[in-house]
Amino acid sequence: LAVLGAVLFVVILLACLCAPLLTKYDPAMFDLLNMSKPPSAEHIFGTDHVGNEVFDAVWAGARNSIIVSFICTAINMLVGIPIGALWGFSKKMDRWMIEVYNVISNVPYVLLISVIVLVMSASFWSMVFALTVTGWVAIAYFIRTQVIIIRDREYNLASKCLGTPITRI
């Protein structure tokens, strides 16, 4: 079942990314003859108020969502992992970063994203910015926890007691 799910996921992912090559969807196009038609053999999901295929619009929207998610995940990882590693390693940084984490994590995420997109105007890059401005904090907190767990293991504490430099540990 896992392999079947993975194959299905890859097929859907490829279909979303290749949608512009396979369809003639254009949100700026008006087709007066096919406006607001119900689902049929010719129009699988029907057409919208300007005559575009809803089926094609679904794939185009899925493509945009996938691209935004990949970009935001990459940015959040590139920012969150190094900051989380430093945060877990440095006890001085931990004092003030835990306060930053508490403030950011107590603001409703959807509300914050909505306000940022509203202020910056709705566009692709404002959405990416809104999703990454605080998205890295949860990743950094997770990495911090893992670094602290490894930092405080007995073998590392024994190495410190024996005088091993921190850079070597």
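## Exercises: a pocket and a helix pair

Phe 89, Lys 91, Val 147, Ile 150, Arg 151, Asn 156, Lys 160, Ile 166 and Ile 169 line the largest pocket. Keep in mind that this model is predicted.

**Exercise 1.** Work out which helix gives the largest share of the lining of the largest pocket, and how the lining residues divide by class.

*Solution.* 
- Step 1: Look for elements that give two or more residues to the lining; these are helix 7 (135-151) and helix 8 (154-161).
- Step 2: Pick out the largest share, which is three residues from helix 7.
- Step 3: Sort the lining by class to get five nonpolar, one polar and three charged residues.
- Step 4: For the space itself, note a volume of about 250 Å³.

**Exercise 2.** Describe how helix 3 and helix 4 are oriented to each other, and find the residues that make their contact.

*Solution.* 
- Step 1: Two packed helices are described by the angle and the distance between their axes.
- Step 2: For helix 3 (residues 54-89) and helix 4 (residues 91-105), the axes come within 6 Å and cross at roughly 125 degrees.
- Step 3: Helix 3 and helix 4 are therefore oblique to each other, as that angle lies between the 115 and 145 degree cut-offs.
- Step 4: Helix 3 contributes Ile 83, Leu 86, Trp 87 and Phe 89, while helix 4 brings Lys 91, Met 93, Asp 94, Met 97, Ile 98 and Tyr 101.
- Step 5: By class, this contact has eight nonpolar, no polar and two charged residues.

Terms used: Residues are numbered from 1 along each chain as its sequence is written. This is a predicted model: local features need pLDDT of at least 70, side-chain atom pairs count only at pLDDT 80 or more; totals for chains, interfaces and linings use all residues. Side-chain values use heavy atoms; hydrogens and water are left out. Axes are lines fitted to C-alpha atoms, for helices over the stretch in contact, and angles run from 0 to 180 degrees between N-to-C directions. Helices (H or I, at least four residues) and strands (E, at least two) are DSSP runs, numbered from the N terminus. Angles under 35 degrees count as roughly parallel, over 145 as roughly antiparallel, 65 to 115 as roughly perpendicular and the rest as oblique. Contact means heavy atoms within 4.5 Å. Ala, Val, Leu, Ile, Met, Phe, Trp, Tyr, Cys and Pro count as nonpolar, Asp, Glu, Lys and Arg as charged, and the others, Gly among them, as polar. On a 1 Å grid over the protein atoms alone, a cavity is a set of points where a 1.4 Å probe fits but cannot get out, and a pocket is an open set with protein on both sides within 12 Å along at least five of seven lines; lining residues have an atom within 4 Å of a point. Grid points are joined across faces, edges and corners, and a volume is the space filled by probe spheres set on the points.
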